[in-house]
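Please open the structure in a viewer and keep the sequence panel at hand.

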Amino acid sequence: MSAPRSRAILAAAASRRGPARRYVAGTSVPARRRLRYVLLALVLLTPLPNRAHSGVLRIPFRTAQSMIIVEGKVNGSPVAFLLDTGATRTIVSANVYGKVPFRLRTIERNSRGPGIAGDSVILPINLELSNHIWAGQHVAIMNLDGLSQVLGIQFDGLLGQDVLRGFHAVRIDYHAHVIELED
């Protein structure tokens, strides 16, 4: 047989078997197919980012004199909190809390640095913001009358880090007037 004729016979035999396939050494067809299915399943089962995720607490707010005010409830009564990311603990006004076992002096600005100073007592409350309730949340009860006068706005407490730290992320959306607390 001549060389051109043998090439023609080999080409005809290859075309009867179908197109030539390349295989990666060490993998079989079923193993590669399983790998494809696993990768497809991973892609399909990976959750997409969702702004309406149930793990996000959305709290509407309003502003007054560049301060963020959040509406909530303390022991079932409506209150207005100033968002204070510098306050280590949430503070509730003694007027809102009700009867405190002893007299609390009005708070004053701290003369030795930033912040406020005054008498406080730590007591548990039921705190409600949006649709989330913190039962038995320990907060500082203080006489906030002086601070309300200094700032020139009426509010019933300061929402502090003790509540905010319970979340993975805190986002303030000024355009939508919403604070998002993400689990």
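## Confidence in the model

This is a predicted model. Begin by colouring the chain by pLDDT: the mean is 82, and 77% of the residues reach 70 or more. Select helix α1 (residues 3-17), which has the lowest mean pLDDT among the elements of the chain, 54. Then select β2, where the mean pLDDT is the highest, at 97.

## The whole chain

Switch to a cartoon view of the chain, which has 5 helices and 11 strands. Of its 183 residues, 31% are buried. When contacts between residues at least 6 apart in sequence are considered, 59% of them join residues at least 24 apart.

## A nonpolar patch on the surface

With the surface still displayed, select Leu35, Val38, Leu39 and Leu42. These residues make a nonpolar surface patch of about 390 Å². Leu35 lies in helix α2 (residues 29-45). Is Leu35 buried or exposed? Leu35 counts as exposed because its relative accessibility is 52%, and the cut-off for that class is over 50%.

Hide the surface and turn to the interior. In soluble globular proteins, nonpolar side chains tend to be buried together. Select Phe81, Leu127, Leu129, Ile141 and Ile179: these have the most contacts inside the largest nonpolar core, which has 27 residues. Two or more residues of this core are given by each of β1 (56-64), β2 (67-74), β3 (77-83), β7 (121-129), β8 (132-142), α5 (161-164) and β11 (178-182). Which of the elements gives the largest share? That element is β7, with 5 residues.

Another core, of 13 residues, lies apart from the largest one; Ala64, Ala80, Ile91 and Ala140 are among its members.

Now centre the view on Ile179 and show its surroundings. Leaving aside neighbours within four places in sequence, Ile179 is in contact with Leu57, Arg58, Ile59, Phe61, Ile68, Val70, Leu83, Val170, Arg171 and Ile172. Two of these residues, Arg58 and Arg171, return at the next stop, as members of a network of salt bridges.

## Salt bridges

Side chains of opposite charge can pair when their charged atoms come close. The structure holds 4 salt bridges.

Select Glu180 and Arg58, whose side chains meet in a salt bridge with an N to O distance of 2.4 Å. This pair links distant parts of the chain, since Glu180 is in strand β11 and Arg58 in strand β1, 122 residues apart. Glu180 counts as buried because its relative accessibility is 5%. Arg58, at 39% relative accessibility, counts as partly exposed.

Arg171 is partly exposed at 35% relative accessibility, and Glu182 is partly exposed with a relative accessible area of 25%.

Next select Glu71 and Arg62, which form a salt bridge with the closest N and O atoms 3.2 Å apart. Glu71 is partly exposed, at 42% relative accessibility, and Arg62 is partly exposed as well, with a relative accessible area of 39%.

Most residues other than glycine have a negative phi, and most peptide bonds are trans. The last two selections concern residues with a positive phi.

Select Gln65, which is found in the loop between β1 and β2. Gln65 is not a glycine, yet its phi is positive, at about 50°. Its relative accessibility of 53% is why Gln65 counts as exposed.

Finally, select Ser130, in the loop between β7 and β8. What is the phi of Ser130? The value is positive, about 55°, although Ser130 is not a glycine. At 37% relative accessibility, Ser130 counts as partly exposed.

Definitions and conventions. Residues are numbered from 1 along each chain as its sequence is written. This is a predicted model: local features need pLDDT of at least 70, side-chain atom pairs count only at pLDDT 80 or more; totals for chains, interfaces and linings use all residues. Side-chain values use heavy atoms; hydrogens and water are left out. Helices (H or I, at least four residues) and strands (E, at least two) are DSSP runs, numbered from the N terminus. Buried means under 20% relative accessible area, exposed over 50%, partly exposed in between (1.4 Å probe, protein chains only). Contact means heavy atoms within 4.5 Å. Patches are made of residues with over 30% relative accessible area and no salt bridge: like charges are joined within 9 Å, nonpolar side chains (Val, Leu, Ile, Met, Phe, Trp, Tyr) within 5 Å. Accessible areas come from the Shrake-Rupley method with a 1.4 Å probe; for residues, only the protein chains shown count as cover. A nonpolar core is a set of buried Ala, Val, Leu, Ile, Met, Phe, Trp, Tyr and Cys residues joined through side-chain atoms within 4.5 Å. pLDDT is the predictor's confidence in each residue, from 0 to 100.
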